[in-house]
Amino acid sequence: MASTILQTGAFVLGILGVAALIAATAMNNWSSQDRQGDVVTAVYTYKGLWRNCEVSTSGFTECRPFYGLLGYSGSFQAVRALMIVGIVMGVISGLISLFSLKCLRMGNMEDSTRGKMTLTAGIMFMVAGICGIAGASIYANQIVASFMSTMYNSNSGGMMGQMGGMGGIGGMGGNLIPRYTFGPALFVAWIGGALVLLGGILACVAYKGLQPEKTNYGAVAYKAPSHHNATVQHIANEEGRRDQKYV
């Protein structure tokens with residue numbers, strides 16, 4: 001009973017986490033313009049993995065996609081790859097976990113087979129969760145580095161070149177250059193990765209309960225003696241009695 005509850009809980013958490021990863025990857029606000037301490041401008045910008053959006057004071061939003069693959073840093077491409085790998089592995093794990101549910105009858109599938117499928121789904125869930133968390137963390141690290149560099153140059157009055165990482169996060173420095181901070185999509189990605197990772201852990205714990213119990217003693221097969229063996233034993237007993245008489 002406990003293994004069934006753990007298995008179902010792992011499936012639910014995994015599906016919710018994968019849905020969060022898909023939503024985070026599609027969202028455009030991985031980084032948002034920091035308005036604190038900046039001059040009020042007519043344009044508010046935010047950036048995602050695939051598009052860069054600007055919002056005017058009139059409320060009109062214009063988004064431009066990121067074209068090409070070679071114009072961005074390796075870290076930015078790594079974030080994209082990690083999120084895609086996490087989603088793909090999470091979807092596959094969800095399907096495996098669905099077919100391995102003990103409450104779902106699939107022919108005459110044995111518990112040992114369900115256990116192996118649950119363990120496989122659990123390991124893949126954990127890998128997917130780690131990919132999602134790692135992708136969001138790499139992006140967040142780039143935001144922090146860009147924010148601190150821009151802030152340092154603003155305070156010192158120096159000028160620096162525009163950072164090439166994270167689709168143009170950051171700027172040349174100075175008070176008129178916008179700084180970027182964490183967007184809602186980052187937190188959605190972190191939460192989704194944590195849910196998928198927790199679902200994988202529960203699936204691995206449920207695997208032990210799905211295995212058939214093993215007895216502590218070995219079974220010994222009894223074989224009835226044949227008629228020939230019984231005759232030979234009887235003759236041997238008669239000869240033993242005769243020998244005792246002559247002793």
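1. Five strands form an open sheet in the order 4-3-2-1-5, and their pairing is antiparallel. Strand 4 (61-65) and strand 5 (179-182) are the edge strands: each has a single partner, so one side of each has no neighbour in the sheet. From one strand to the next, the twist averages 30°. Angles like this run from 0 to 180 degrees between N-to-C directions, with axes fitted as lines to C-alpha atoms. Strands here are DSSP runs of E with at least two residues, helices are runs of H or I with at least four, and both are numbered from the N terminus. Two strands pair if DSSP finds at least two bridges between them.

2. A word on how to read this. The model is predicted, so local features need pLDDT of at least 70 and side-chain atom pairs count only at pLDDT 80 or more, while totals for chains, interfaces and linings use all residues. Residues are numbered from 1 along each chain as its sequence is written, and side-chain values use heavy atoms, leaving out hydrogens and water.

3. Now look at one pair of strands. Strand 1 (residues 31-34) and strand 5 run antiparallel and are joined by four bridges. Within strand 5, Phe 182 stands opposite Ser 31. As background, strands of a sheet pair through backbone hydrogen bonds.

4. How many disulfides does a search of the whole structure find? It finds one, joining Cys 53 to Cys 63 with an S to S distance of 2.0 Å; the cut-off for a disulfide is a pair of cysteine sulfur atoms within 2.5 Å. The link of Cys 53 and Cys 63 is right-handed, with 110° about the S-S bond. Cys 53 lies in strand 3 (residues 51-56) and Cys 63 in strand 4, ten residues apart.

5. Are these cysteines buried or partly exposed? Cys 53 is buried, at 0% relative accessible area, whereas Cys 63 is partly exposed at 28%. Here buried means under 20%, exposed over 50%, and partly exposed in between (1.4 Å probe, protein chains only). Cys 131 counts as buried at 11%, and Cys 204 as partly exposed at 23%.

6. Finally, the surface. Ile 22, Val 91, Leu 95, Leu 98, Phe 99 and Leu 104 make a nonpolar patch of about 450 Å². Patch residues have over 30% relative accessible area and no salt bridge, with nonpolar side chains joined within 5 Å. Helix 2 (residues 74-99) gives the most to this patch, with four residues. Phe 99 is found in helix 2 and is partly exposed, at 37% relative accessibility.

Notes: Patch = residues over 30% accessible without salt bridge, like charges linked within 9 Å, V, L, I, M, F, W, Y side chains within 5 Å. Areas by Shrake-Rupley, 256 points an atom, 1.4 Å probe, with all protein chains shown as cover. Salt bridge = Lys/Arg side-chain N within 4 Å of Asp/Glu carboxyl O.
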